[in-house]
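Subject: Structure handover

Hello,

Here is the structure I said I would pass on. My notes on what was found in it follow below.

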Amino acid sequence: MTTWNPDELGRIAEPEMFDLSAQLEDGTMPKTVGIWAVAVDGRLFVRSYTGLAGKWYAPALASLRGRVSAGGVTKDVRFERVGDEAINAAIDAEYLRKYTPSPYAPEMGQEPVRSNTLEVIPLD
């Protein structure tokens, strides 16, 4: 598995939001959305607040490919579903730490949002 360079991970995960594009069936990535993300143990994670109704989540699940950009770093990535309870608990805590006092921060660690967790893994 390819891992994040610590500098690049920090530059992508540090801002409040980063840009994410999910690859469509035809290989294009036309829609870019600003999204919250957290880093835990040198790994990057995102959750879809609106699930399949969101612009990026269904295409991300279908292709498992996309692109992220923030802090002068742009990376092609793959997405992997997260089901491990220990890592999900750590992700919950990091969303609360990073995004409080937003009223959405607690919801990011509750169902159904919690089930929409994807790890974002660099391709190179």
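A nonpolar core here means a set of buried Ala, Val, Leu, Ile, Met, Phe, Trp, Tyr and Cys residues joined through side-chain atoms within 4.5 Å. Please keep in mind that this is a predicted model.

The cores

By that definition, the largest nonpolar core holds 22 residues. Phe18, Leu20, Leu44, Val46 and Trp56 have the most contacts inside this core. Two or more residues each come from α1 (6-13), β1 (18-22), β2 (32-35), β4 (43-47), α2 (57-63), β5 (65-70), β6 (73-81) and β7 (117-122). There is also a second, separate core of 12 residues, and Phe45, Val82, Ile91 and Tyr99 are among them. As background, nonpolar side chains in soluble globular proteins tend to be buried together.

Leaving aside residues up to four places away in sequence, tryptophan 56 touches Leu20, Ala22, Val33, Ile35, Val46, Arg47, Ser48 and Leu118.

Helix α1

Which residues of α1 are buried? They are Leu9, Ile12 and Ala13. Viewed down the axis of α1, these buried residues fall within an arc of 85°, so they line one face of the helix. They pack against β1, β3 (38-40), β4, β5, β6 and α3 (85-99). At the start of α1, a side-chain oxygen of asparagine 5 comes to within 2.7 Å of the backbone nitrogen of aspartate 7.

Strand β4

Four of the five residues of β4 are buried, so this strand is largely enclosed by the rest of the structure. β4 runs antiparallel to β3, and three bridges join the two. Valine 40 has arginine 43 of β4 as its bridge partner. The two strands form a hairpin with two residues between them, and aspartate 41 in the turn has a positive phi of about 50°. β4 also pairs with β7, again in the antiparallel sense, over four bridges. In that pairing, valine 46 stands opposite leucine 118 in β7. Val46 and Leu118 are also both touched by tryptophan 56.

Salt bridges

How many salt bridges does a search of the whole structure find? The search finds 10. Three of them are described here.

Arginine 47 and aspartate 92 meet through their side chains in a salt bridge of 2.7 Å, N to O. Arginine 47 lies in strand β4 and aspartate 92 in helix α3, so this pair ties together parts that are 45 residues apart in sequence. Both residues, arginine 47 and aspartate 92, are buried.

Aspartate 92 also meets arginine 114 in a salt bridge, at 2.8 Å, N to O. Arginine 114 is in the loop between α3 and β7, so the link to aspartate 92 in α3 ties together parts 22 residues apart in sequence. Arginine 114 is buried, as is aspartate 92.

Because they are three residues apart in helix α3, glutamate 94 and arginine 97 are separated by about one helical turn. Are these two partners buried or exposed? Glutamate 94 is buried, with a relative accessible area of 17%, while arginine 97 counts as exposed at 56% relative accessibility.

Finally, salt bridges that share partners join Arg47, Glu85, Asp92 and Arg114 into one network.

Regards

Key. Residues are numbered from 1 along each chain as its sequence is written. This is a predicted model: local features need pLDDT of at least 70, side-chain atom pairs count only at pLDDT 80 or more; totals for chains, interfaces and linings use all residues. Side-chain values use heavy atoms; hydrogens and water are left out. Buried means under 20% relative accessible area, exposed over 50%, partly exposed in between (1.4 Å probe, protein chains only). Contact means heavy atoms within 4.5 Å. The arc is that of the directions from the helix axis to the C-beta atoms. A polar contact is a pair of N or O atoms within 3.5 Å; within protein, one must be able to donate a hydrogen and the other to accept it, and residues adjacent in sequence count only if both atoms are side-chain atoms. A salt bridge is a side-chain nitrogen of Lys or Arg within 4 Å of a carboxyl oxygen of Asp or Glu. Two strands pair if DSSP finds at least two bridges between them.
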